Protein chains: 2
Amino acid sequence: MDLLIAGGTVVTMDPQRRLIEDGTVVVRDDRIASVGKRTDIAPHFSGKTIDARGALVVPGLINGHAHAAMSLLRGIADDHLLNDWLERYIFPAEANNVSEEFVTWGTRLGLLEMIRGGITTYADMYYFEDAVARVTKEAHMRGVLAETIVDFPAPDHRTPAAAIEYLERFIEKWQGDPLITPAAGPHSIYTVSEAHLRAIADLARRHDVPILIHLAEAKLESENIRATHATSPAAYLHQIGMLGPKVTAAHCIWEENADIALLAACGVGCVHNPSSNMKLASGVMPVVDLRAAGVAVGLATDGAASNNRQDMFYEMDLAAKLQKITRMDPRALPAMEVVEMATIEGARALHLAKEIGSIEEGKQADIIIVETNAPHATPMYNVYSQLVYALKSSDVASVMIGGKMVMEDRKMLTLDENEILTKAREYQRRVTDSLIASRVVS
Amino acid sequence: MDLLIAGGTVVTMDPQRRLIEDGTVVVRDDRIASVGKRTDIAPHFSGKTIDARGALVVPGLINGHAHAAMSLLRGIADDHLLNDWLERYIFPAEANNVSEEFVTWGTRLGLLEMIRGGITTYADMYYFEDAVARVTKEAHMRGVLAETIVDFPAPDHRTPAAAIEYLERFIEKWQGDPLITPAAGPHSIYTVSEAHLRAIADLARRHDVPILIHLAEAKLESENIRATHATSPAAYLHQIGMLGPKVTAAHCIWEENADIALLAACGVGCVHNPSSNMKLASGVMPVVDLRAAGVAVGLATDGAASNNRQDMFYEMDLAAKLQKITRMDPRALPAMEVVEMATIEGARALHLAKEIGSIEEGKQADIIIVETNAPHATPMYNVYSQLVYALKSSDVASVMIGGKMVMEDRKMLTLDENEILTKAREYQRRVTDSLIASRVVS
């Protein structure tokens, strides 16, 4: 039995960037079996038909950098200086609250929000990543999931050595899973020593898994690395043998031309987080320059403590507008390029472009149906413009991941929304109490 | 019979910025009769009760600068240079399509989107403004509506003299209406001669109506005025006698310190349009400096041809983030100040703060109910953070304007949504055909 998504405008994001009006996508098991005009294709297949007339049929959105469990800390302390925010709020809240159970429920909450907004793949960096993988699998979501390693005591491991050991077991457990790609997550240059960075790079190479890392996010971070190592953050990672075609670096804000060339030459994927970068005043990623150099640039929400949405429609809008205003050029990063960042380029940035990122025969069936029968979506002169500048996450009606419907007509099929929201409110009380107890708030 | 909105968290935006949990707002006729704790108030009133438990009860949002009818041109030509955009797309599309009927349907479409997103008052500048007023009244929306005057032939009048004559009849017809405030709309310094600006200022003073104008939007515009008049745009308007406490200026980007002091001294309201300013790469309004000088700064969507959303939730998010990133300070323009801009400060910017902008006894009952029972809205540590950084226009469930429900549980009560969307699609075909006929697109 095949499944046919029929009658919508298919935004393929294939190499020709075909838009197929009155199109049909045929799904067999977890993959796309055929794509084309409904009248050409439908006669050759039979099976359940999902009516997508009047809607856009779009590749599932790819959220290239997240900390899903931090959904439980959404808006805990906004509008503060980065240091204050981390040291006075986030670190105490994490130290007192983050357990395997917290990560389990926080990730579920994050995935609910992401799926509702049309995200089908996300990259995650957090603690207790095995729990993240279990929950992701249970939601039938696709994830590149990195156990995060820092030199200071983390919520799940007192030492980086213990975290690295856990990482190896985590990789062995999940490698080969059709939905979960286990990954190594050295937090950043400024939180992990050179010896540990080298050990993690070595382990990742040995197991052929991706590395996710924060790179050149804050200006001061970059200045410190230049002062300590007499080189740029990107060049430092290259020197110690970490950069390569399985690395995905989040932020990449403070990059000079030589760094951009280096990232391109090494095949590193870079991920832009416009909301987080603006809200924390981190700086502006040179998206246009990175893309011009051939770097795959994805798009992401970052964690809910710094964004506070996990909504790729907001990120698409912001990505376009932020490049335009900072370059003072309205032609910078046009709408279609932003949709690329959220789909096929996001897949390239995560080194998964052979499997996801476009609606093409043979690829994984990660597909969303976006409704357009609403005042804010009418008229529609250009599909890409509409996706970036007019449509909203609330227009996503149905979501398929790996051939399986996970949301249909806005009904969640793999996650229990009421139970998760109830748990989230319990955690809100616990986190608030813990901040009062440690006199962070009164 | 009173109407009670009961059980929600009332975000009053009153001078004490009271948040009332389990609050009640009592509405009698078109005004707010009482606000307080449900248990204190409910026993003293009887009437229909609207259950707002679990929701936020917020002053209706104020969209300080729009061109509602341009909804029909949403996304007609994005990512172009301003001149190209205007001369190759917008002006031909307007010249060939904008009629009284176009304005009627375009405004209806714009109001649908605005009401769905919790906007209860908007300021408009367009042509055939009498049709805009009729449609606004029919939707039971509140509007400060300005007939726009330019020196070149406009869709409704061949000459500015004819437009000024029309403006005077328009004012006489609508002045005193409980929902409609007629206003004068000289388009800008660079499109209206000094003689006509003086005539319009004189007419507005004579009739005691507001003036809406675009001010210091584009850098080149400001440079030209400095070159021609040896003064800044704001100082030029002051010299010719236009600035005063009934003026609302949109954009106000290229303002120096002396201009900011002048705008404050004259009691001019300024309106920020972050989406439009970023997308057209116009520049960044000095919001923090204007507010520090005591200027009332409102928030707005601008027209759908340049935004393309008429969604104040997007504008709130962008306003906060744009100030933070351009000042490189995450403390700049915190969430509560942004909510002020969308409510009470927006009312001040339109010189309507005695009537609207907060939930206080005696004010007009312009109130929205925003649901929070959703993954992206959970947990909620801070109401203002949530409104700016997490909630969305699609969370607005009900909208009351002047004591009358215009949307209840997402059902539109004053506008026929299906009919309007059908008409909007007809106009899309007509506009596209006209652009093909005039060889703008092929």
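Five bridges join S10(B) to S11(B), residues 247–251 of chain B, and the two strands run parallel; strands are taken to pair if DSSP finds at least two bridges between them. Five of the five residues of S10(B), residues 211–215, are buried, so the strand is largely enclosed by the rest of the structure. A residue is called buried if 20 or more other C-beta atoms, placed from the backbone, lie within 10 Å of its own, exposed if 12 or fewer, and partly exposed in between. In a regular strand the side chains alternate between the two faces of the sheet. Ile211(B), Ile213(B) and Leu215(B) point one way from S10(B), whereas Leu212(B) and His214(B) point the other way.

Residues are numbered from 1 along each chain as its sequence is written, and chains are lettered from A and ligands numbered from 1 in the order in which they are written. As the model is predicted, local features need pLDDT of at least 70 and side-chain atom pairs count only at pLDDT 80 or more, while totals for chains, interfaces and linings use all residues.

In chain A, helix H3(A) has 17 residues and reaches 24 Å from its first C-alpha to its last, close to the expected 24 Å, which is 1.5 Å times one less than the number of residues. Of the 17 residues of H3(A), 14 are buried. In helix H4(A), residues 129–138, the buried residues are Glu129(A), Ala131(A), Val132(A), Ala133(A), Val135(A) and Thr136(A). Among the elements that cover them are H3, strand S7 (119–126) and helix H5 (160–174) of chain A. His140(A), which follows H4(A), has a positive phi near 55°.

Between the chains, 51 residues of chain A are in contact with 51 residues of chain B, contact being C-beta atoms, placed from the backbone, within 7 Å. Helices H3, H10, H12, H15 and H16 of chain A each supply at least two residues of the side that touches chain B.

Chain A can be laid on chain B with an RMSD of 0.0 Å by a turn of 180° and a shift of 0.0 Å along the axis, by least squares on the C-alpha atoms of residues with pLDDT of at least 70 in both. The two copies are thus related as by a two-fold rotation axis.

Terms used. Helix = DSSP H or I, 4+ residues; strand = E, 2+ residues; numbered from the N terminus. Contact = placed C-beta atoms within 7 Å.
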